[in-house]
Amino acid sequence: MGDDDHRLDVVPACGRTGVGTNVSDWVSTAQQRRQPTLFLLDLCRAGRAARLPWLTARAGRDARAWVIAGAGPGEDAFDGRFSRSVAEVLEQVSEDGLGTDPSLRYVSFPAFARRIAERVEAMPGVPQRVHATPLDPAQGVPELRFFPNPRFVDDPQRQARQAIESPLRSFLDELDDVFDAEHFLGRVGSHFAGRRRQLRDLARWMDGADPAGGLRVVTGSPGVGKSALLGALVCSAHPVLADAVPHVRARLEAAGCPSRNAYLGAVHARQRRVPELVDSLARQFGLSRPGEGRSVAALIGEMSTLPVTPVIVVDAVDEALDPNRMIKDFLFPLTEARRLDNTPICRLLIGFRPWPEFLPLRKLAAAEYGLTDLDTVAPDELRADLEEYLQTRLATMPGYHAAGQRPVRERLAASIADRLVDEGMASEHPGSGAFLVAGMFAGYLDHVPPATTVEAAGRLGEMAPRGLPEVLELELGTREDRAELRATLAAVAHAVGEGAPAEVVGFLASGFCATVTEDRIRASLDAVRFYLRTTVERDGTTLYRLLHQSLADHLRRYPMSAGAETGTVPAEAGTNAREVFSRLIGAVRAGRWGRWSSVPPYLLRHAIHHAIEAGRVDELLDDIEFLLNADDTSLAPELYRAQAVNAQLHAEVYAQARMHWAFPGGGPITRLWVFAIEAARNKGASLGRQVAAGIPGNRWVPRWSATLPFDDDTNWATAATSAVREGEAVVLAAGTSGVVWQFDQTTGTPVGTPLRGGHGPVSAVAVVDVSGRTMAATGGADGVVRAWDLGTGELVGGVELPVGWINAIICAEIEGRMAVIVCGDDCIRIWDPAVGDVRRGQAVDHRWSRAIASITVDGRPIAVTVGNDHAVRVWDLTEGTLVFPPVRDHRDRIYAVACTMVDGKPVAVTGGDDDVVRLWDLTTGRATGKPLTGHGSWIAAVVCTEIEGRPTAISGGFDRTVRVWDLLTGQCTDVLAMPGPVWALDVTADRGLVVCTGQDVLVLDTIGKGAA
C-alpha cells in the first residue's frame, strides 16, 4: 500500500502493483464521469476507498462515484463474506426490492449497503465491517439508478404525495379515516362527509370573517372525526395540499370550504417534538433559515413581519412525544403572542383528545367561544352526519354504487347510523368514536357480498358492531389465516413514530404467532392493508403504522383475539411493551441484524422510545455501541430519563460528544474516540480508557481532559508545557484570556494558583530552573516575558523585549547557563532569567518568526526557527549566527518546529500552512525524505518523542486532528480526531501527550504503557 494511507491496490497475478492497480484512482476517475458508478470491493483494507477525503467531504452531494467496501480501512476481508452477502442481497432486491416503497423507482444506496453490512457483520469469525460512501444526514438520499425497484408503481399522484414533508402530509391520511392511504390515494378525501356546522364555523374563522379570538380548539374522543375534520380544512386551504388533492375542495360545500391561503401552516404532532414543528412551519411560511436553528420566540418574531396574520393548524397534540412540553413551550406562547396593534400573532387551530392536561387550553378556547367538542354534538346532528358519510362511502363501493342500489344504500346507511347513535354506545364502548366504527364497518362491507334488498340492508345495518374490537374481530373472523393477520396487526400496533418496516414487523409478529415468517410477512401486510397507513423511510423502505391510535391502543392491550388459536403463541412470547423491547434488544445483541451499525434505521431512531415504554432506559443507555449509532434527534431529548449512575454518566458523555464536530458524520471508530475523550472530560477516565482500548487498531487512550475556565466562547487554549514543581508533576496550559492554569499531570485536577498578569493573550509558555527554583516563562501579545515561581504562583519578574508579539519561548543551556530564547514578530532575543536581562550581543535578526526548537549538535546548542517567510533557519545559539543559509522548501508560512534524533542524526520536524510535515537534516541544513501528507488544513503544532523505542513526530492543526508519524518509515500510524483546532502539543516526563484543542487541554497515553 506504500506510504499513502488512502491508496488501495488490487494485486494482479504478477504480484506487481503500480499504475492501474490503485482502486482509489479508479474511484477518482469515476467521479469525473456523467453517470454514477458503483464499486463493490471485496478486498483487504477496502474501506480506504470508501473514506477518501474528497469523497467524505462530499457526503453524497454531487457524487458520481459510490463505494461499498467489504472491510474497514485497517481490516482484512475473509472467505468471500462480502461477495456472498452481495449475492444474497441482489437476490432479495429482485424479489421485493428490500421493502422499497412502491412510490420509488429504485432501491436506495443506504438500504442496499445496510443489508450487505447486516449479513457480513452477523457472520462468525474475525470481525469485518462494511464501509460505504457516507451521506450527509441533513440531505435527502439521492436517486441512484443501480437497482430498479420491482414493486414500483408509476403513479404521479403517489409520488407527489411522498414529496410533501411528513408533518404536513399526515393531514392527507386523516381524510381517509379507515382506508389504506396507499390503496385509496386516488380518492383522498372523497369519503369525508358530515360535520357541516363545524366546517362552516371553522372555515369562516380561518378566513378571518369571524374576528372573535385567535384560538380555536377541536376535541373529542378517538374516532369521532376530529382529525378528518381538520384534514378537510387543511387540504382544501393549504396551497401545497390543495394542489395535491384538488377534489377535496370540490367535495365541500361553499360555506364549509375555507379559501386557499398562502399563509396557512399545518403540522401534525404525532411522535414529534417542538423543534420539528417550528422548522416545518418556518419552511411553509418561507421564512429565512437562521444559522443556528430557530426557537419558538424566533418563529413568533419572524411571523410578525408577514404581510397578513397567518393561520396555524396543529393536530394530534395528544400523540406528541411530550404533550406537556408541547403545550408549555409551543402552544401557549403562540396563543399569548401579540402584534404591535395587540391583535394575535396568528390564528391558531388545535386538535387533541379531551385529556386533563389540555383543560387550560380548552378553557381558554371556550372563553373566546372557540371550543368545538365533537363529543357533545346533538344525537340528531350526529345521526345526520353519519348517514351522509356512510351514503357517500357506499356510493363508491362496487356492490352498492349502481343506480338501482340507491334505496339499499340509503336504508343501510340509516340503519347503521341509528345503531351507532344509540344512547348506550358511549357508555358501552368509550373511546370507540361513531365515525371510526362506521368507517371500519363500511370497509368490512366492501369485502363481503352486498345486500340486494332494502329489508336485507336494514337487517345488515342492525348487526353493525358498536365497538372497535368487534369490528376488528368481525373482519378477521372471516379469514382462515386470522392468527397470522392478528399477529401482524399486533406487531404494527407497537410501532412508534411514522411506523415500522416490514423486517421489524415480521420479527415482532413471530413472537405473537409462531407461523409468521419473514417471507410471508409482506403477504400478511398486504392482506391487512385496510387497517394500515404507510409512509417512506429515509432509505426508501416502506413504514407501516395503524390507521388510528385507538386501534393501536386496543391491539396493544389485546394482541391476540379470543378466537385465535392459542397453540400458535409461543410460551416465551410477550404481549406488553417490556417484552417487545426484550425481543428487539435481544435480537440486536444476538446479531440478527449484525451490529447496531447495520440495524434498520427504525431501531436507531426508536429503540429509545421502546425502552421508555418498557421502563428500561438505563439498560439501553448502558450500551455504548447503541449510543454511538443512535439517531441523535430521537435520543438527545430523552437523555434526562437516565436514573442509574452508569446510565447518567453515559448520557452526560453522549450529550457532550454529540456537540463534537467529528461526531455527527463520523464513522464508528471516530465516534468511539470522541466518546472516549468526552468520558475523560466528564470524570469518567476509566470509561474513556475502556472505550478507547476497544477501538480496533487504536493505540491511544485519554488520561484526562479538562476545559479551560474562560469567561466566554471567544477564547481558546494556545500553549502548553509540563513541569515538576515541589515534587508534583503538572501540566501548564495558557490561553487567549491571558491566564496560565496548572493541572495535576496524572489526574487533571486543577492545582496551584492560576498565573495572571499582563495584557492580551498568552501564546508561549516554557519552564526553566533558576538557582533551584522552578519557574515558568510566559509571553504573548504585550511583548513582555514574565517569570513565575510555580511553587507560589508569584510573579518573580519580567522584561519588555523589543520583539513585538511573542510567539514562542524555549529554554536552552548556553555556555553553562540556562537561557530563555524568545521568538517574536520583530526579532529573536536571548534572555538570562538569572540576571533578568537580555544577554548582550545575543540578538537574532529574524522577523515574523513563529516557532523555535533547540537541540545539541556536536556539543553546541543549535536553534531552528521558522516563520512567515516560508524559510527554515538553523542558528548557533552561542554565536547568534546562521549555520546554514535559509531554506524554503515549504510553499507557505511555517508555524511549528520540533527537534529529535533519527538514526543517530539530529533532525528538525516542521509544519505549516501548506498542510505537510517535513524533516530536515541538521547536519546539512537540507530537507530529507518525502513530505508527510495527510492533514487537511494548516499545521499549528509539532512535537517529538519515542513510542516503543521508535522516533516519532506528532502533529496537530486546524483540520482538528492529531497525526502520529513513524520517522523511520515516514508512515502515519495514528489519526486522532480532536474537539477543535489543535493549537499546541507537548510531551510530559512520563511520555503523556498534551493536546491544546479549542478550549480544552487533554493528556493521552498509549495503550499498555500507561504513557505515551
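Mentor: Begin with Gln405, which is buried at a relative accessible area of 12%; buried means under 20%, exposed means over 50%, and partly exposed lies in between, with a 1.4 Å probe and protein chains only. The model is predicted, so local features need pLDDT of at least 70 and side-chain atom pairs count only at pLDDT 80 or more, while totals for chains, interfaces and linings use all residues. Residues are numbered from 1 along each chain as its sequence is written, and side-chain values use heavy atoms, with hydrogens and water left out.

Gln405 sits in the loop that joins helix 16 (379-394) to helix 17 (406-420). Helices here are DSSP runs of H or I with at least four residues, strands are runs of E with at least two, and both are numbered from the N terminus. If neighbours within four places in sequence are set aside, Gln405 is in contact with Gly399, Tyr400, Pro450, Ala451 and Thr452, where contact means heavy atoms within 4.5 Å. Thr453 is 48 residues from Gln405 in sequence, yet the two C-alpha atoms are 8.2 Å apart in space.

The whole chain gives this residue its setting. Of its 1012 residues, 58% are buried. Among contacts with a separation of 6 or more, 61% are between residues 24 or more positions apart. The chain contains 33 helices and 39 strands.

Another buried residue is Leu229, with a relative accessible area of 0%. Leu229 belongs to helix 9 (residues 226-237), and its C-alpha is 15 Å from that of Leu168, at a sequence distance of 61 residues.

Two packed helices are described by the angle between their axes and the distance between the axes. Axes are lines fitted to C-alpha atoms, for helices over the stretch in contact, and angles run from 0 to 180 degrees between N-to-C directions. Helix 8 (residues 196-206) packs against helix 9 at about 45°, with the axes 11 Å apart. The two are therefore oblique to each other: angles under 35 degrees count as roughly parallel, over 145 as roughly antiparallel, 65 to 115 as roughly perpendicular, and the rest as oblique. On the side of helix 8 the contact involves Gln198, Leu199, Leu202, Ala203 and Met206, and on the side of helix 9 Leu229, Ala232, Leu233 and Ala237. These residues comprise eight nonpolar, one polar and no charged; Ala, Val, Leu, Ile, Met, Phe, Trp, Tyr, Cys and Pro count as nonpolar, Asp, Glu, Lys and Arg as charged, and the others, Gly among them, as polar.

Finally, consider two residues in other loops. Most residues other than glycine have a negative phi. Glu948, however, has a positive phi, near 55°, and lies in the loop between strand 33 (939-947) and strand 34 (950-957). At 61% relative accessibility, Glu948 counts as exposed. Arg960, in the loop between strand 34 and strand 35 (961-966), likewise has a positive phi, near 65°. With a relative accessibility of 30%, Arg960 counts as partly exposed, whereas Gln405 is buried.
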